[in-house]
Amino acid sequence: MAADRAGAPARAWQRMLSGRRLDLLDPSPLDVEISDIAHGLARVARWNGQTSGEHAFSVAQHSLLVESLFSHIQPEASADARLAALLHDAPEYVIGDMISPFKSVMGGSYKDCEFRLQHAIHLRFSLSPELGPGLRKKIKRADQIAAYFEATLLAGFSTAEATEFFGRPRGFNADRFDFTPRSVTWAQNAFLKRFAAIESQRRVVVPAHPSD
């Protein structure tokens, strides 16, 4: 391991505004705070910032969009599934939004770090550490639909280019969803508001059926 100074191991933790110190090599769920996630994602730009508009289109906005698309695809989805969709890119509050070509260059080391962080985030919010293949597939579909519309509406891709990389969505009208790049404050507050709404649904206890 590289040394920071005088032979000491390199620092592998990041200090968050909440005061938490999140270790990237061994992230603890106890050091994950939704306020830090919302703050970070609202300040991370999708598409390396290469989008039109006065503001960057943040990962926080993308996460809201994916959860909205997922809920459209799967209207009967549980609150847990909706939260998993909202948090699908949550590790990026620490490691940023790396474009796919750079992930290919980085190889497994990036994916390993991302996996460790996602695992800790899921545990922090009482989600299954690893999602089942069916749920992963549905969230991925929503993610690709979001990427297609972001690419064509904001990032300068032609329809043909976006279709080649993300597939062309069928049965979705972009006018139903919000693709307007918003301010950091708007994105952060909207993410926290949606998280709180889903959490309130998760806390609802379904009453048991009375005995016959």
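The model is predicted: local features need pLDDT of at least 70, side-chain atom pairs count only at pLDDT 80 or more, and totals for chains, interfaces and linings use all residues. Residues are numbered from 1 along each chain as its sequence is written, and side-chain values use heavy atoms, with hydrogens and water left out. The protein chain holds nine helices and two strands; helices (H or I, at least four residues) and strands (E, at least two) are DSSP runs numbered from the N terminus.

**Overall fold**

- From the N terminus on, the order of elements is β-β-α-α-α-α-α-α-α-α-α.
- Of the 212 residues in the protein chain, 42% count as buried; buried means under 20% relative accessible area, exposed over 50%, and partly exposed in between (1.4 Å probe, protein chains only).
- The protein chain exposes about 11800 Å², of which carbon and sulfur atoms supply 52%; accessible areas come from the Shrake-Rupley method with a 1.4 Å probe, and for residues only the protein chains shown count as cover.
- Contact means heavy atoms within 4.5 Å. Among contacts between residues at least 6 apart in sequence, 64% join residues at least 24 apart.

**Nonpolar core**

- A nonpolar core is a set of buried Ala, Val, Leu, Ile, Met, Phe, Trp, Tyr and Cys residues joined through side-chain atoms within 4.5 Å.
- The largest one has 59 residues, and Ile37, Leu87, Tyr93, Phe125 and Phe191 have the most contacts inside it.
- Two or more residues each come from helix H1 (34-41), H2, helix H3 (79-86), helix H4 (92-95), helix H6 (108-124), helix H7 (133-153) and helix H9 (184-202).
- Leaving aside neighbours within four places in sequence, Tyr93 is in contact with Met16, Leu22, Asp31, Val32, Asp36, Ile37, Gly40, Leu41 and Ile121.
- In soluble globular proteins, nonpolar side chains tend to be buried together.

**Helices H3 and H9**

- H3 is largely enclosed by the rest of the structure, because seven of its eight residues are buried.
- The buried residues of H3, Arg82 among them, pack against H2, H7 and H9.
- The 19 residues of H9 should span 27 Å at 1.5 Å a residue, which agrees with the 27 Å between its end C-alpha atoms; the expected span is 1.5 Å times one less than the number of residues.
- Buried residues of H9 include Gln188, Phe191 and Glu199, and the cover over the buried residues of H9 includes H1, H2 and H3.

- Ser63 lies in helix H2 (residues 59-73) and counts as buried because its relative accessibility is 0%.
- Beyond four places in sequence, Ser63 touches Leu41, Ala85, Leu86, His88, Asp89 and Phe191.
- Glu67 is also placed in helix H2; at 3% relative accessibility, Glu67 counts as buried.
- Beyond four places in sequence, Glu67 touches Arg82, Ala85, Leu86, Arg194 and Ile198.

**Second largest pocket**

- A pocket is an open set of points on a 1 Å grid over the protein atoms alone where a 1.4 Å probe fits, with protein on both sides within 12 Å along at least five of seven lines; lining residues have an atom within 4 Å of a point.
- The second largest pocket has a volume of about 180 Å³, the space filled by probe spheres set on the points.
- H2 and H9 are the elements that give two or more residues to its lining, and H2 supplies the largest share, five residues.
- Lining residues include Glu67, Phe177, Trp186 and Arg194.
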